[in-house]
Amino acid sequence: MKPNFKALALAGALAVSTALSPAFAADTDATVGIQLEPPNLDPTSGAAGAIDTVTYSNIFEGLTRFGPDGSINPGLAESWTISDDGLVYTFKLHEGVKFHDGTDMTADDVKFSLDRINAPDSTNAQKALYADIDSVEVVDPLTVKVTLKKPNGSMLFNLAWGDADIVAPETAATNATKPVGTGAFMFSDWVEGDHIDIVKNPNYWGEPAKLDKVTFKVISDPNAAFAAVMAGDVDAFMPFPAPENLQQFASDPRFKVVVGSTEGETILAMNNKLPPFDNVKVREAMAHAVDRQAIIDGAMFGYGTPIGTHFAPHNPAYVDLTAQSNYDPELSKKLLAEAGYPDGFTVTLKLPPPSYARRGGEIIASELRDVGIKTEISNLEWAQWLEQVFKGKDYGLTIVSHTEPMDIGIYARPDYYFQYDSPEFRKIMEDLNNTTDPAKRTELLQAAQKKIADDYVNVYLFQLANTGVVNKKLIGIWPNAPTQAADMTAVHWED
């Protein structure tokens, strides 16, 4: 998972006077504000979505890639064929692709990268997505044959994730701090806690970047983010952490406010193996204790779509199950009593830095208190959250937005951080992976949504909106976020 985090943009432009702001004194550079600093810059070994924000398509590329509309497009592979039995994928690579250090990218690098994902010592956060890969064979320098253990209708989709980016064996070990990819931008500089610079790759194999330099400026405080936009110190902010300011930006002719969709299911996650959350009645009580709309209004200022399961509402296969876990505190109290907790209980609530978590956490703590559940809130930095919650599973409750595209398959992993263990759900996902028929896949996806809603695995809150502000003269920022990426490869200043 790459817990989350997604949205779009913010900007500084001309001051009300005609003076140029520092952020766009040159129309070949752009500064992008980000609230969450990546813990490292290797998307193939880190779980934080903030890594992809900086690196996806900009620095690293995969065989396939997501388009701004969520479509699966050719990446380093210019084409592919799939055998009739769905087991063999043959990829034809683009010719003339070089890594940023000047070495050629060939089929050997593809084999190294895919084999590395499934290696025993792999630290790939999405290793399970590629478990069906049986072997990777180099046919010739520009042709790779990937053989699966069984058909997997999601493989091209999975290969578009940043976790499957192609890296070189010579530089893989140092990509966390000195990333070397094949993308339209090259890593230049990282001053931790302040900024990351990437510069145009002059030897890029495809359509060259239009900007010469992009600076990702780390601004964690919402008030500082607002000040940076108004002063013109940033040209885009991804995402903008204070939605209450969006209306003010919308009335300012220097800016354009962007409100799009994301893949970010925002949830109140429960540790399903930790008592009392190992009791489904307690989990159901939690779901009825939380008022989704109050959180959307109070924490997100109305931006967000209520959800009742872990699936994006804009997906054609989505099932609206919000009524199944409607806000009903009296029912919540009744279920707690039936589960053996008439007086409630005390539980930890560990919150990562994003505004939706910190602000939403205060609202949820108050709502839980109304049904007798006391929370001990801990505000964690992102690295702490990854270590304690995501890796260590040392928590009772947490709030996070899962920004990976169509990632309901994480519920088939018993060792995932919310530790849901359901053979029935795993069978649904196995059938889905073995199915290519669109109608049957929709049926199975809907069954998966219903199963986790019935089991009240987590409290499903809202789909994160892609909200932000962009300098009106900056063109090419994605309005929607089909993956957590600030893809700057086609961004440019208006002529």
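Helix H11 passes helix H12 in a left-handed crossing, a crossing being termed left-handed if the near helix is turned anticlockwise from the far one by less than a right angle, and right-handed if clockwise. The structure is a predicted model, in which local features need pLDDT of at least 70 and side-chain atom pairs count only at pLDDT 80 or more, whereas totals for chains, interfaces and linings use all residues. Residues are numbered from 1 along each chain as its sequence is written, and side-chain values use heavy atoms, with hydrogens and water left out. Helices (H or I, at least four residues) and strands (E, at least two) are DSSP runs, numbered from the N terminus.

H11 comprises residues 423-433 and H12 residues 438-454, and the two pack at an angle of about 160° with their axes 9 Å apart; axes are lines fitted to C-alpha atoms, for helices over the stretch in contact, and angles run from 0 to 180 degrees between N-to-C directions. H11 is therefore roughly antiparallel to H12, under a scheme in which angles under 35 degrees count as roughly parallel, over 145 as roughly antiparallel, 65 to 115 as roughly perpendicular and the rest as oblique. On the side of H11 the contact (heavy atoms within 4.5 Å) is made by Glu-424, Phe-425, Ile-428, Met-429, Asp-431 and Leu-432, and on the side of H12 by Arg-441, Leu-444, Leu-445, Ala-447, Ala-448, Lys-451 and Ile-452. These residues of the contact of H11 with H12 divide into nine nonpolar, no polar and four charged, where Ala, Val, Leu, Ile, Met, Phe, Trp, Tyr, Cys and Pro count as nonpolar, Asp, Glu, Lys and Arg as charged, and the others, Gly among them, as polar.

Another helix pair is formed by H7 (residues 292-300) and H9 (residues 355-370), which pack at an angle of about 135° with their axes 9 Å apart. H7 and H9 are therefore oblique to each other, and their crossing is right-handed. Ala-294, Ile-295, Gly-298, Ala-299 and Met-300 of H7 make the contact with Tyr-356, Arg-359, Gly-360, Ile-363, Ile-364 and Glu-367 of H9. Among the residues of the contact of H7 with H9, seven are nonpolar, two polar and two charged.

Arg-359, one of the H9 residues in that contact, also forms a salt bridge with Glu-244, the closest N and O atoms being 2.9 Å apart; a salt bridge is here a side-chain nitrogen of Lys or Arg within 4 Å of a carboxyl oxygen of Asp or Glu. The pair links distant parts of the chain, 115 residues apart, with Glu-244 in the loop between strand E11 (236-237) and helix H5 (246-250) and Arg-359 in helix H9. Glu-244 is partly exposed, with a relative accessible area of 33%, and Arg-359 is likewise partly exposed at 24% relative accessibility; buried means under 20% relative accessible area, exposed over 50%, and partly exposed in between (1.4 Å probe, protein chains only).

The count of salt bridges comes to 19. In the salt bridge of Asp-104 with Lys-98, the closest N and O atoms are 2.6 Å apart; Asp-104 is partly exposed at 46% relative accessibility, as is Lys-98 with a relative accessible area of 34%. Lys-281, Lys-334 and Glu-338 are linked in a network of salt bridges.

As regards backbone geometry, most residues other than glycine have a negative phi, and most peptide bonds are trans. Pro-275 and Pro-276 are joined by a cis peptide bond, with omega about 10°, and Pro-276 is found in the loop between strand E12 (255-270) and helix H6 (280-289). Lys-393, although not a glycine, has a positive phi of about 55°; Lys-393 lies in the loop between H10 and strand E16 (397-402) and is partly exposed at 24% relative accessibility. Tyr-456 has a positive phi near 45° and is found in the loop between H12 and strand E17 (459-471), where Tyr-456 counts as buried at 9% relative accessibility.

Ala-383 is placed in helix H10 (residues 382-391) and is exposed, with a relative accessible area of 52%. The C-alpha atoms of Ala-383 and Pro-253 are separated by 38 Å, the two residues being 130 residues apart along the chain.
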